Amino acid sequence: MRTVYIDGSFVPENEATVSIFDRSFLFSHGVYEVTSVINGGLIDHMGHMKRLKLSLEGALIPFEVDSDHILRIQKRLIEMNNLDEGLIYLQISRGAEDRDFLPTPSLQPSIVMFTQEKALLDPPQARDGIRIVSVPDIRWRRRDVKAVSLLAPVLAKETARQHGVQDAWMIEDGYVTEGTSNNAYIITRDNVIVTRHLSHDILHGITRQAVLSVAQSMNMTVEERPFTIEEAYSAREAFISSASTLVWPVVEIDGKSIMDGKVGAVTREIRRQYIKASLERLM
Ligand code: PDD
């Protein structure tokens, strides 16, 4: 049984309870972060803390983020749960009180954190690549806020499952926004890495930031701009990035193989270098 963290206490997972009046539960009024853990260390802790602050501001949740304090709690959770490889989930809710759209201004937010074991360094998807389908992006307009309202990606992942593939890319006005829970990239026939530019339309991935700096150190040309799904069909390579996948190759989109349908050499190298650079920065 795991030990989890809830509002100042470390407790067995079956003793951690949240009120039915919690605003995350009733209104999706909560934000979250997922941080990868490798060799018991956290990847890009500070990046996740910076984005958490922006999400809290975007969701009007008055919570003072103390990154060092959160790091200490997360390190303790890793230790207590003997976590070597996996994820730490953190969620901050606006708090709990009787149901009303507007919270009492003095209502205290609440925080939970828990660990999840997950293979990150050598999962089959990294070796073989994943197949995806495209779906309409039906999410709200502040996707840069990492809010817990995840119904649209849940439905998109169900659509992917019905098609017998592993994930979906979301399309808006003819352009790919991002994956259901990851950022989306193509590598063109001219060897240019293309990924959508930062705006309210996508989550500003912490892994994305590190991947782009790895790409620059590999002297790759990067274009941050929208791309169409047709451009992706005829790309040389495609891949996704997130804390829970790091970098996974995409080998098929909407039933069409990307080139020969095999994992691309550049994606493989980006993944390798991303992991190497991340291990050097572990906290
Ligand atoms: N998802 N885009 C979306 C919509 C996401 O949900 C995520 C992360 C990303 C990648 O962000 P990062 O590199 O910071 O993980 C992009 C997490 C892993 C999740 O919801 O489980």
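Select the shell around the ligand: by class, five residues are nonpolar, eleven polar and four charged. Here Ala, Val, Leu, Ile, Met, Phe, Trp, Tyr, Cys and Pro count as nonpolar, Asp, Glu, Lys and Arg as charged, and the others, Gly among them, as polar. This is a predicted model, where local features need pLDDT of at least 70, side-chain atom pairs count only at pLDDT 80 or more, and totals for chains, interfaces and linings use all residues. Numbering starts from 1 along each chain as its sequence is written, and side-chain values use heavy atoms, leaving out hydrogens and water.

Next, pick Y32, R51, E178, T207 and A243. Of the 20 residues around the ligand (a heavy atom within 4 Å), these come nearest.

Now show the polar contacts (N or O pairs within 3.5 Å).

- Y32: a side-chain N or O atom is 2.6 Å from a ligand oxygen.
- I206: a backbone N or O atom lies 2.8 Å from a ligand oxygen.
- S181: a polar backbone atom is 3.3 Å from a ligand nitrogen.

Finally, colour by domain, using bounds from an automatic or database assignment. Domain 1 (3-117) and domain 2 (124-279) each give the shell at least three residues.

How values were computed
Polar contact = N/O pair within 3.5 Å; in protein donor to acceptor, adjacent residues only side chain to side chain.
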